Amino acid sequence: MKRKVLIIIIALVLIVTVALSISLLIFKSGKEVSNPPEYVLLYAENQTSDYPTTMGAYRFADLVYERTGGRIKILVKYDAELGSEHDVIQQMSYGGVAFARVSLSQLAEFVPEMNVLQMPYLYTSSEHMWRVLDGELGDEFLRKPEDAGLVGLSWYDAGARNFYSVRPIRTLEDLEGMNMRVQESDMMADMVSALGANPYKIVYSEVYSAIEQGLVDGAENNWPSYEAMKHYKVAKYYTVDEHIRVPELQICSKTIWNKLTDSDRDIITECAKESAVYERQLWEDREKISREVAKSSGITVIEISASEKARFREAMSGVYTKYCGDQMDMLQKIMNY
Ligand code: GCU
């Protein structure tokens, strides 16, 4: 009899424990999360885990999960785990990857009319660029990737890009004959050629070793990329010329987008925009931190003179004709915005 009572007590304790665990799962954060998600979607990011764009991606994924009650789960894969930006954009066209944050330079290879938004020396300041991107024009350009099977969701910040090298760059003559890494972008390659250097298209994850092994003399990028990818350890001269601002975009595969309901699309768009606000705040801080980290490692920072900057700018006129020749009105509109 005693034994029977003991067994019943143990069974009761077990039942209560299991029931409690299940209810805890269900009501965690006040959301129903025990059901398996309806969608588990991949998000590609080529930066490190603590980079502002990656943190923005995590915020985006969390918001979507929360606002869809756990129905849509987004898995953020950073460090280019899903491939280079170029490969990811290709995979997205048939739905292999659902979301990504990509550089406009890469996207413009698939949607050439977007080049007009990233011409060298186009924006007079960061504020100028954000007036354009946060306004009607920015929305209009977010719709352009549709023909390439992509939906533009939001704009992320990537600051201004500068040249860095194993040798100092102070004048246009210093760039003459230098081997410079560029993104896998024709416009970027032409920009570097216009300045007298030899462009080498190399994927982002390979830039460090390309410089270290002497395949190229340098590259160009913003402070956070220079620091996060450790390029400052191999290219110790950083010239602040701010030759270009290349914003980034969060995009969604149209194949996936077409499967979602209107209300899920609204949630995703809203969460992408909110994550962009967050990314931009992080960006400002990270730019300062990265500059300090690189400087304290003993690099030389070169500020080029205004007259030299004007020479760099003048050298770009052919690039403007080639990439915006048929979009001069749009170019003018962006300049005057
Ligand atoms: C920036 C941008 C990356 C891009 C890289 C590059 O760091 O955020 O998405 O790949 O530039 O120069 O390739």
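Predicted model: local features only at pLDDT ≥ 70, side-chain atom pairs only at ≥ 80, totals over all residues.
Strands in this account are DSSP runs of type E with at least two residues, numbered from the N terminus. The phi angle of E242 is near 45°, a positive value in a residue other than glycine.

A80 is placed in the loop that joins β2 (72–77) to α3 (85–93). With a relative accessibility of 22%, A80 counts as partly exposed.

Two further loop residues may now be considered. S185 is located in the loop between β6 (179–182) and α8 (186–194). Its relative accessibility is 0%, so S185 counts as buried. The side chain of S185 makes polar contacts with backbone nitrogens: that of M188 is reached at 3.0 Å, and that of M187 lies 3.4 Å from a polar atom of the S185 side chain. N115, for its part, belongs to the loop between α4 (104–110) and α5 (126–134). N115 has a relative accessible area of 4% and is therefore buried. Ten residues separate N115 from S105 in sequence, while their C-alpha atoms are 7.3 Å apart in space.

The ligand remains to be described. The ligand sits in the largest cavity, and the residues surrounding the ligand are N46, Q47, E85, R101, S103, R161, R181, Q183, Y204, N221, S225 and E248. By residue class, this shell comprises one nonpolar, six polar and five charged members.

A ligand oxygen is 2.9 Å from an N or O atom in the side chain of R161. For R181, the distance between a ligand oxygen and a side-chain N or O atom is 2.7 Å. For E248, a ligand oxygen is likewise found 2.7 Å from an N or O atom of the side chain. Taken alone, the ligand exposes 310 Å², of which the protein buries 99%.

Definitions and conventions
Residues numbered from 1 in each chain as written. Heavy atoms only, no water. Near = heavy atom within 4 Å. Polar contact = N/O pair within 3.5 Å; in protein donor to acceptor, adjacent residues only side chain to side chain. Areas by Shrake-Rupley, 256 points an atom, 1.4 Å probe, with all protein chains shown as cover. 1 Å grid on protein atoms, 1.4 Å probe; cavity = no way out; pocket = protein on both sides within 12 Å on 5 of 7 lines; lining within 4 Å. Sits in = over half its atoms within 2 Å of the grid points. Nonpolar A, V, L, I, M, F, W, Y, C, P; charged D, E, K, R; others polar. Helix = DSSP H or I, 4+ residues; strand = E, 2+ residues; numbered from the N terminus. Buried < 20%, exposed > 50% of the residue type's maximum accessible area, 1.4 Å probe, protein only.
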